[in-house]
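My notes follow in the order in which I made them.

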Amino acid sequence: MQAKTALLAILCCSSSVAFAADPSEAKTEKEMKPYTQKITNTDVSFDMVPIPGGEYVMGSPADEKNREEDEGPQVKVKIEPFWMGKHEVTWNEYDIWSFNLDIQRRKLMRLKSDDKEKAADAVTRPTKPYTDMTFDMGHDGYPAICMTQLAAKTYCKWLTEKTGHYYRLPTEAEWEYACRAGTTTAYSFGDNPAKMDDYAWHYANCNDTYQKVGQKKPNPFGLYDMHGNVSEWVLDQYIPDAYKKWSGKGTVEFPVSPTTPEKLYPRVVRGGSWDDDPEALRSANRIASSSDWKIQDPQIPQSIWYHTDAIFVGFRVVRPLKVPTAEERKKYNLDPVIPADEGR
Amino acid sequence: MTQSNNQSSSRRDFLKVTTATAVGTSILSTLGSSAHVYANGDDKIKVGLVGCGGRGTGAASQALSTKGNIKLEAMADAYRDRMDKSLSNLQKQFSGEPEKVDVAEEKKFVGFDAYQKLLDSGIDVVILATPPGFRPIHFEAAVEKGKHVFMEKPVATDVPGVRKVLEAAEKAKEKKLAVGVGLQRHHQANYIETIKRLKDGAIGDITSLRCYWNSGGVWEPRLAREEAKSEMDYQMRNWYYYNWLCGDHINEQHIHNIDVCNWVKDAFPVQAYGMGGRQVRTDKKYGEIYDHFAVEFVYEDGTRMYSQCRHIRNCWNSVTEHAQGTKGFCDISGAKYETTGGYKWRYRGKKTNPYQVEHDDLFAAIRQGTPYNEAEYGAKSTMTSILGRLATYSGKPVTWDEAMASNVSLMPKEFSWEGQPVTVPDENGYYPIPMPGITKVL
C-alpha cells in the first residue's frame, strides 16, 4: 500500500512537472521567464535572466570620456533573444566540472548515472591546477577566475550536456547589449562614475580582492556585476578594428570574430574588474588577453586551462533561445577546440 | 602584443618583467681553475637539460631567455618521447632564434645513465629537473665534472640524499661553481622586499609562523598498470605518487612555503610534530603518498612554524605564508603587514616573473664569475620538508639531529627498467602505506 502511494506520488509529481509551464522550456520569446538551473547530483544551481531580442548600437560615441580607438566606429547590431546568467559563474558551479564533484557526490550517494551525465562525462575536464586558483580570496559565492577562454568554453559545453540546455559564452556584441540593457551612456547607470559604488566593485572600493557576486545593484535587465568584480570572457578573438569591418553594412546580425586554437592571444574580456579603475568598467570598453596572463606558469607547454595571473578574469553563460545548428556552431567556432598538443 | 590602452595603463602596471637584478652582495672572487668567466655575454654558454618534463622544459626556456650568447646543446631523459616533446616545444618557443635550440642527435641521451653522458658532452651549465629523487646523484656528478648547475626543488627525497647534496654543495663552493635552486620566491620582488622589512623589525620579533599549500592536488597518474613495461616504468611515469621519486607533496610542493618561513627566521627547525594521512586519495593508483599533512615545526629559539598541506578537492585552499610578531602581523605571500600601532604597509612595486629572474640572477653570476650558491639552503629546506614527513608518518616527534643521522634510503639498489623500487605493490596492486604509531622512519 505504501509502495503504491509512493509510486502514485511520483507519477503525479512527474506529470505535474510536465504540465506546469517550466520557464526553462520556453519555445518563444514571449514565454521566456527567469529560471533557476539546477546542476544534477549537486546542491548547486544558478539563475538565468531573459534578455529580449532587439537592435542596438555597439561601441561608444567618439565623444565618450576615456573612450579608446578600438570602441568604434559604432555599429548597428541585431540581437536574438537569449537568457544570461544573472551572476558571474561562481566557484561553486565551476568546481563541479573541474573537479568531478558531481560524479564524486553521485557515487557517495550510490546513485546511477543518467544519460545526460554520461554525455557530460565525455566532455574533457581540466587538469588539476598547479596551485590554489582562488589565491585565497574566497570560494563559496565568489566568481571563478583565472580560467582560459578555452576552459570557459569547455565548461559551457559540459553544462550543456549536463543540463540538456544549450549554454555558451556570449559574443562580444551580445555581452555589450546585455550590459547596456537599453542604455546609451558610458555605464548602464549613466555617465557619472561617482555612482559607481552602488553598482560595481572596482579598484577603489574592493579592498584588493574580488567580492561575492550579486551584492551591488543590478542593471536594467536584472544582471549583477556586469561592471566590475571580474572581467568576463566573451567568444571573440580580439581584433582592434573589428567594428570597422562591420560598419557601413546596415544592421549586422550575429557579429563575432571567431577564434582558432592556434592563435591564443589576444581574445576579449569585458566589463572590467575589481583591479581596474572606473574607465575600464564602461559598457563599451574592450580588454585584450595577453600571454602576460600566464607569465608565472612555470611549465612548457603552459596549461591550456589556467591563466596563472588573470586573477581578475571570470565569465558568465548565455543560452540563446534558438539553439544553433551544427553548421552554425562550426561557422562561428562556437564549440571549444582543444589543441592537439595540449601537453598534459 | 595588442592590448587595450587601459589594460597597459592600469595602475597595477601588470607583470612587467624586470631585467636581471643585480646579484645580492656580489663580490668578485678570484677565479679557480674550473670556473670560467663568460665576459660581457659574448662567450657562448652551452646548456644541457637533464629531465625534460614540463618544468625542465620551462627552466630551459628561462635559461635561454637570459642575457647573452647562450645555447641549449644537449638533452637527457629516461624517456625518449619526453625528450622529443620537450625539444619540439622549445623549438616552437624559440622559432625566431633557432640557433639557441640546437641539439644534435648525438647529444640526445636516453636512459638512467643519460645524465652522465650529457655531463661528458662539453656543456658548461646543467639544468637538473628530473623527479627530485635523482637530484643528489645528478648534482654530485655535475659538481664532480665541474659544471655550473641550476637544479629544481626539492633537491632530495630522503636524508642520505640531503647529505649528499650538502657535501656536493661544499665541493661546488671550492670549485667556484655557481648553483641555483628553483625556490623562486627568493627572486620574487614582493617576497624580497617584505622579508627584508620583517628582518628590519617591521612587526617586532617573530613569535610564530604559519604556512600552507592546500590545493586540489596535481596530475592524475599518467600510466595505467597494464601499460607499464615494469614496476620501475610504472613508478617513473607516475612519479608524483612514489616517495623515492617525489618525497610526498609536503616535500615536492609545500617546500616553497616552508622555505619562506626558514628564510624569515634565518634558521632551520630543530624538531617537528606531525599528523596526516590518506583520506580521499585511497585508490591503489595513487601509490603510497598521503593527501594531507599538518606539521608543527620548532626552531631552536622556541618559535613555532605551523604548516599544512592538503591535496583534497573542494576544501579551503591557500598557498600562503604568514608571520606573527611582537608588534604586528604580516601576510608574507600577500606582501603586506599591519602593526599593532595601526600602521599598514603593502608592497606596491612591480610584479616580476620569479622563474625568469632566478635564471637571470644565476646566469649573471656565471658570466661575471661571482660566487653563487643556493644549494645549502635548498638542501636544508628540503630537509625541513622531509623532517615534517618523517614526523607525520611516524606520528612521533623527530629532531633534526636524529633525522640527519639517518641512513634510511628510499632509493632503489639498481637503476634499470628491471630494477626493483624499495616499495612494491601487493598482489592486488596496493602499496604499503605508512601508518602513524606503527611505521618506523629512522
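**Entry 1: β4 of chain A.** I began with V57(A), which stands opposite K76(A) in β4(A). Here I take helices (H or I, at least four residues) and strands (E, at least two) as DSSP runs numbered from the N terminus. I call two strands paired if DSSP finds at least two bridges between them.

Before going on I noted the conventions: this is a predicted model, in which local features need pLDDT of at least 70 and side-chain atom pairs count only at pLDDT 80 or more, while totals for chains, interfaces and linings use all residues. Residues are numbered from 1 along each chain as its sequence is written, chains are lettered from A and ligands numbered from 1 in the order in which they are written, and side-chain values use heavy atoms, with hydrogens and water left out.

I then found that β3 (residues 54–58) and β4 (residues 75–79) of chain A run antiparallel, joined by five bridges. To β7(A), residues 252–253, β4(A) is joined by two bridges, and this pair runs parallel. The bridge partner of K78(A) there is E253(A).

**Entry 2: the four-stranded sheet of chain A.** I traced an open sheet in the order β1-β2-β5-β11 of chain A, with antiparallel pairing. β1 (35–38) and β11 (318–320) of chain A each have a single partner strand, so they form the edges, with one side of each left without a neighbour in the sheet. From one strand to the next the twist averages 30 degrees.

Between β1(A) and β2(A), residues 45–51, I counted four bridges. In this pair Y35(A) stands opposite M48(A). Helix α6(A), residues 172–180, lies across β2, β5 (82–85) and β11 of chain A, and runs at about 75 degrees to β5(A). Axes are lines fitted to C-alpha atoms, for helices over the stretch in contact, and angles run from 0 to 180 degrees between N-to-C directions. Contact means heavy atoms within 4.5 Å.

**Entry 3: the contact of chains A and B.** I read 45 residues from chain B and 44 residues from chain A in the contact. The two chains bury about 3,800 Å² between them, 48% of it on carbon and sulfur atoms; buried area is the accessible area (1.4 Å probe) that two parts lose on being put together, summed over both.

How many salt bridges cross the interface of chain B and chain A? The rule finds three, taking a side-chain nitrogen of Lys or Arg within 4 Å of a carboxyl oxygen of Asp or Glu. One of them joins E220(B) and K128(A) at 2.7 Å, N to O. On the side of chain B that touches chain A, α2(B) gives the most, with six residues.

**Entry 4: N317 of chain B.** I placed N317(B) in the loop between β10 (304–311) and β11 (318–325) of chain B. N317(B) is buried, at a relative accessible area of 12%. Beyond four places in sequence, its contacts include D132(A), T134(A) and D136(A), as well as N214(B) and I312(B).

**Entry 5: the hairpins of chain B.** I followed β11(B) into β12(B), residues 328–331, through a hairpin of two residues. The two strands pair in the antiparallel sense over four bridges, with Q324(B) opposite F329(B). F329(B) also stands opposite E338(B) in β13(B). The hairpin of β12(B) and β13(B) has four residues between the strands, and A335(B) in the turn has a positive phi of about 55 degrees.

**Entry 6: N257 of chain B.** I located N257(B) in helix α11(B), residues 255–265, and found it buried, with a relative accessible area of 0%. Among the contacts of N257(B) beyond four places in sequence are R185(B), C211(B) and V319(B). The side chain of N257(B) reaches the backbone oxygen of Y212(B) at 3.4 Å.

How values were computed: Buried means under 20% relative accessible area, exposed over 50%, partly exposed in between (1.4 Å probe, protein chains only). A polar contact is a pair of N or O atoms within 3.5 Å; within protein, one must be able to donate a hydrogen and the other to accept it, and residues adjacent in sequence count only if both atoms are side-chain atoms.
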